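User: I'm new to this one and would like a close look at a single part: the place where two of the chains meet. Could you walk me through it, starting with any charge pairing?

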Amino acid sequence: MELSTIQAIIYKNVIHMSRYKFDLFFWAIMPIMWVTPLIFQGIAFVGGTTSESFAELTGSEDFLSFLVVGTVLFMFVSSAIWGAGNAIRWEQESGTLEVLWITPVSRVDILIGTSISETIWATLNVLIQFTIISLFLQIHFLWLGAIVSIAVMVLTVIGLYGFGVLMAGIIIVFKEPGTLTEMVETGLHFITPVRYSLQALPGWVRVISLTIPFTLGLSVVRKLIMPETVLYPTFEPIIFVVGLIILDVLLWLIGILLFTKMERFTRNKGSLGAF
Amino acid sequence: MQEFPIYVSKISKKFVKTRGSRFRRSRKKRIVQALDNVDLQVRKGEIFGLLGPNGAGKTTLVKILTTIVIPDSGVAKINGFDVVKESRQARASFGATIGGGERSTYWKMTGQENLIFFGRMYGLSRKKAKDRTVHLLEQMQLTDKAHERVENYSTGMKMKINFARALISDSPVLLFDEPTLGLDPSFARDLRLYIKNVLQKEENKTILLTTHYMAEADQLSDRVSLIDNGKIVDTATPEQLKLQIKDQEVIKIRTTDSLPNRFLEDIPGILEIYNHNDSIRIHTSDSSQIMLSVLEKLKEMNITIKSIDVETPTLEDAFIKLTGRGLADRKEES
Amino acid sequence: MKKTINSSVAIYPPHSLSRIMFEVNCAWELMIKYWRIRLSYPLTFLYFVSEPLIFLLPVIIYGQALVGGRESEVLANYAATSDVILFLTFGSASMAILTRIYWMGAMGIRREEWTGTLVSIYLTPASRFSIILGNTLFGLTMSVLAFFLQVGGVFFLYGLDINLLNFLPMITILFFATVSLLGFSLIISGLVLAMKQAWKFVLFMDGFMNLLAPAFFPLAVLPVILKPLAFISPITWGVEGFREGVLQGFSNYWFEILGYIVILDFIWLILGILVFNYFEFHTRKKGALGHY
């Protein structure tokens, strides 16, 4: 691992992002648009922003705060799965992948660099989104817990990017990145507890969900800032954190292994730069 | 005036090019006069060459004729239909290729599917589109590739299928923008023969083609317009153009080193000199008279000669004489 | 009287009726072409057809989590049903169909620019309008397929109590809503053709229209300040009418909605044609067609 490479990649990407200021504005506003219909839905179904049935499932009546955390933090999932894979794909399409690939740099460093810069971008977005939302909506968080949450989110993001690297490996072989990513994104939105708790899902889906870093991370963060929520299964939060760390290591190992394999495969096939 | 299948009168077009950052105020605007009062009349059944260096305005003119670009002023008609006011009727009257054309067909569809699709877009019945497709695939020697996706074609085959696309509607007027650009020499030659023998002689099409290959224009065109900096410099048959300098001979000398400017100017009998890096073209009325003085001068300057040729003037020499410059980035080809 | 110089196989039809037939043919061929191309990306195709269902499931689960079952008395005050799943399924299904129709129409020209084939299409005598119509037809056919999968999926998982006869008022709404959406696609196509950066703006507008569309909540709960905006969006009335048709058949409210849609059809279509023609002319004047 070469620190200077990673730095160079981050630098390149941050410059790139600063050229797209409108994008930041755009992505900061978008989640608000996603949350708002859900609020209207709450009003139409239960006549307000609290629900007793919701409390039976999640431990909290305040479904508004509950789904705001989930929706905003889901940004990290999006950025992880879109980030690494599509950066590769983007280079492939613009014709710069082969140029980048012939530099004497470890491919994994490129991916790590990209991941870190994507995280910077996502964090900026998340902060802006929370600020805007708390200006408009009545959300009730334990802000002290939010500070501890940062550490949990770091662990979550590391795992998510391991998953991102895995996706990147798949994407350089199957050249339909948008679809694949969207598919995974829509799927994750369904099986992770973004809008509802794990208890609301069928049993077998819960099991799959528990192998996703975001499920563990989000559950712990919710517990920290909304202490009335219940974890599923009802373990101590620390067990979730340990699980998260194990997932991080596993995902990165599998991710790098698969990526290296797939990358070699495309070079053998001669289709690295092809699209 | 309506009897010209391709009729262009006083067409002008300016483009505004902006430089610098989109977000800064200090954007510099540069106005490029792509076409300046261009007149052009192509007769029925004629192959008409539009000859000029890159950036002379050839492609802009083709784009105007094909209704892709709207002119600032002037009138252009295809088959009697105004390209601005009756653009759909005009489009039904021509087939065209613009630019390389490698990406002009759908890569995810087969060659045959592409051609039938485009035929249908010209209002051909399914059967007619199919018949025409089979015929064209055969002509382009792509019959065995008919059911393969275009993405699997070689570059040359992609060009061929794009050429066939332009012919699918069997329109009376054909517009080809640099038809042989980027083609391998043998296919370029086949294509020229096809344009001349089949499209012109058998099918009596009216054809406008742009090119910056002198030989191509010379070989194919019945008449040629020389275009430079958006202006038509001269229009005539290739022979007439060459006739303007027919009494001349051209001494072509290639040397190992670059040559200084204006070092032969004091030799009497030289009409014109065009100096380009390591080669020099000397126009004269009698090469035998000046040859010795030229060689002596070169020897005096210690310049090593690689080759010397004496030629009769080509269309290129006529172009140079008329515009004062050669065709930039031209490529020699067979 | 124009005289043509050479007889050609392809002649632009001289009479208005045959011209319309010609354009319809072109749109049809374009639709077939999009199907061909789309089917050559099997993964994408599969996703497109199944996405509405995958998208709907979390919405249903969230709805159930809120009410703790599938019946909501509060909902019955606003809508013609108290069944949360029935309400959400047809709200979401109609929105999926309608957004795809205009989205495909709007994407068509952009996609041809990417692949480099826009100029080839532009060289044919087909009207630009037919190009967008062809895309719209493709969006319509594909989303109808996705609709059956979506509604079928929910029927299989949860069961739905619907009257099959009510599909008639539903289809009627769909047909009339498509006209305004075509106008909408024309506006977006024109904008994006002239200004490539407009794409972000379009995405933003799309997000905003989805926010206002009463897919997951009845129109009645929308705050007063947002209502005027919702009322001019063709998606809003399409979704509302579609669901009213399924739940109530040809009710008074259904006819009222149809009236709104017909009025919007005129406005959006005329606006669409004007805006598209303006921008398309502008782009050709600039000589920027086919650039991307």
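Analyst: Let's start with charges: between chain A and chain C, the count of salt bridges is zero, where a salt bridge means a side-chain nitrogen of Lys or Arg within 4 Å of a carboxyl oxygen of Asp or Glu. Before going on, keep in mind that this is a predicted model, in which local features need pLDDT of at least 70 and side-chain atom pairs count only at pLDDT 80 or more, while totals for chains, interfaces and linings use all residues. Residues are numbered from 1 along each chain as its sequence is written, chains are lettered from A and ligands numbered from 1 in the order in which they are written, and side-chain values use heavy atoms, with hydrogens and water left out.

Polar contacts do turn up: ten residue pairs make them between chain A and chain C, both partners at pLDDT 80 or more. A polar contact here is a pair of N or O atoms within 3.5 Å; within protein, one must be able to donate a hydrogen and the other to accept it, and residues adjacent in sequence count only if both atoms are side-chain atoms.

Which parts of chain A touch chain C? At least two residues each come from α2 (21-46), α3 (52-58), α4 (63-94) and α8 (177-191) of chain A. Of these, α2(A) gives the largest share, 16 residues. (Helices, H or I and at least four residues, and strands, E and at least two, are DSSP runs numbered from the N terminus.) Sorted by type, that side of chain A has 22 nonpolar residues, ten polar and four charged. Nonpolar covers Ala, Val, Leu, Ile, Met, Phe, Trp, Tyr, Cys and Pro; Asp, Glu, Lys and Arg are charged, and the others, Gly among them, are polar.

In total, 36 residues of chain A and 37 residues of chain C take part in the contact (heavy atoms within 4.5 Å). Together the two chains bury about 3300 Å², with 77% of it on carbon and sulfur atoms; that area is the accessible area (1.4 Å probe) lost on putting the two parts together, summed over both.

Of its 292 residues, 59% are buried, meaning under 20% relative accessible area (1.4 Å probe, protein chains only). Among contacts in chain C between residues at least 6 apart in sequence, 78% join residues at least 24 apart.

Technical notes: Buried < 20%, exposed > 50% of the residue type's maximum accessible area, 1.4 Å probe, protein only.
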